[in-house]
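Dear colleague,

Please find below the sequence and the structure that I am handing over to you. My findings follow directly after them.

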Amino acid sequence: MEQKSNTGMIAMIIGIVAIVLSIFGDTFAGNNGVLALILVFVALAGGIVAIVMGVKARKDPNANQGMGTAGLVTGIIATVFAGISVVCVACAICAAASIASGVAGLANDSSALDQLSSALNDLSSALN
């Protein structure tokens, strides 16, 4: 009896793990945006590996064809989700950096603080 190759099963497992990381990578990272970005890139790489292994398993006559197809499908799903997540996490990091830069610039600019204070005073007097 000939031994079946486990390439399809490994591809499917990598694809499932990559899907979970791509969806919940930012949750696992907590408030650390850089760690979230790293986890999402790991998910992207895992999705690509799952696709390659799934295709290899489907072409291998000694591999389980169903598992190869499952690995291919989970790899494609993981790659799509991870690609979307990479864009979302990168945008969140850029937005946070931009807001922090704006707040720091506002704190260093006393004329802007004076204008903000006078605008708040005008609003307060208009409401009264």
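Please note at the outset that this is a predicted model.

Overall fold

The chain has 128 residues, of which 25% count as buried. Its secondary structure consists of 4 helices and 0 strands, and the order of elements from the N terminus is α-α-α-α. When contacts between residues at least 6 apart in sequence are considered, 70% of them join residues at least 24 apart. The chain exposes about 8000 Å², and 70% of this area is supplied by carbon and sulfur atoms.

The nonpolar core

The largest nonpolar core is made up of 9 residues, namely Leu21, Ala29, Ala36, Leu39, Val40, Ala43, Ala82, Val86 and Val89. At least two residues of this core come from each of H1, helix H2 (33–59) and H3. The greatest contribution to this core is that of H2, with 4 residues.

Leu37 lies in helix H2. This residue counts as partly exposed because its relative accessibility is 22%, and the limit for a buried residue is under 20%. Apart from neighbours within four places in sequence, Leu37 is in contact with Val86, Val89, Ala90 and Ile93. Leu37 and Val86 are separated by 49 residues in sequence, yet their C-alpha atoms are 6.5 Å apart in space.

Gly75, by contrast, is found in helix H3. Is Gly75 buried or exposed? Gly75 has a relative accessible area of 0%, and is therefore buried. If residues up to four places away in sequence are not counted, Gly75 touches Gly15, Gly47, Ala50 and Ile51. Gly75 and Ile16 are 59 residues apart in sequence, with a C-alpha to C-alpha distance of 7.7 Å.

The nonpolar surface patch

A nonpolar patch on the surface is formed by Ile16, Val20, Ile23, Phe24, Phe28, Val73, Ile76, Ile77, Val80, Phe81 and Ile84. Together these residues have about 920 Å² of accessible area. Helix H1 (7–29) and helix H3 (65–108) each supply at least two residues of the patch, and the largest share, 6 residues, comes from H3. One of the patch residues is Val73, which is placed in helix H3. Val73 counts as partly exposed because its relative accessibility is 42%.

The cysteines

How many disulfides does the structure hold? The structure holds 0 disulfides. For Cys88, the closest cysteine sulfur is that of Cys91, and the two sulfurs are 6.8 Å apart, which is too far for a bond. Cys91 is likewise in no disulfide, as the nearest cysteine sulfur, in Cys94, is 6.6 Å away. A disulfide would require the two sulfur atoms to be within 2.5 Å. Cys88 is partly exposed, with 48% relative accessibility. Cys91 is also partly exposed, and its relative accessible area is 48%.

With kind regards

Notes
Residues are numbered from 1 along each chain as its sequence is written. This is a predicted model: local features need pLDDT of at least 70, side-chain atom pairs count only at pLDDT 80 or more; totals for chains, interfaces and linings use all residues. Side-chain values use heavy atoms; hydrogens and water are left out. Patches are made of residues with over 30% relative accessible area and no salt bridge: like charges are joined within 9 Å, nonpolar side chains (Val, Leu, Ile, Met, Phe, Trp, Tyr) within 5 Å. Accessible areas come from the Shrake-Rupley method with a 1.4 Å probe; for residues, only the protein chains shown count as cover. A salt bridge is a side-chain nitrogen of Lys or Arg within 4 Å of a carboxyl oxygen of Asp or Glu. Buried means under 20% relative accessible area, exposed over 50%, partly exposed in between (1.4 Å probe, protein chains only). Contact means heavy atoms within 4.5 Å. A nonpolar core is a set of buried Ala, Val, Leu, Ile, Met, Phe, Trp, Tyr and Cys residues joined through side-chain atoms within 4.5 Å.
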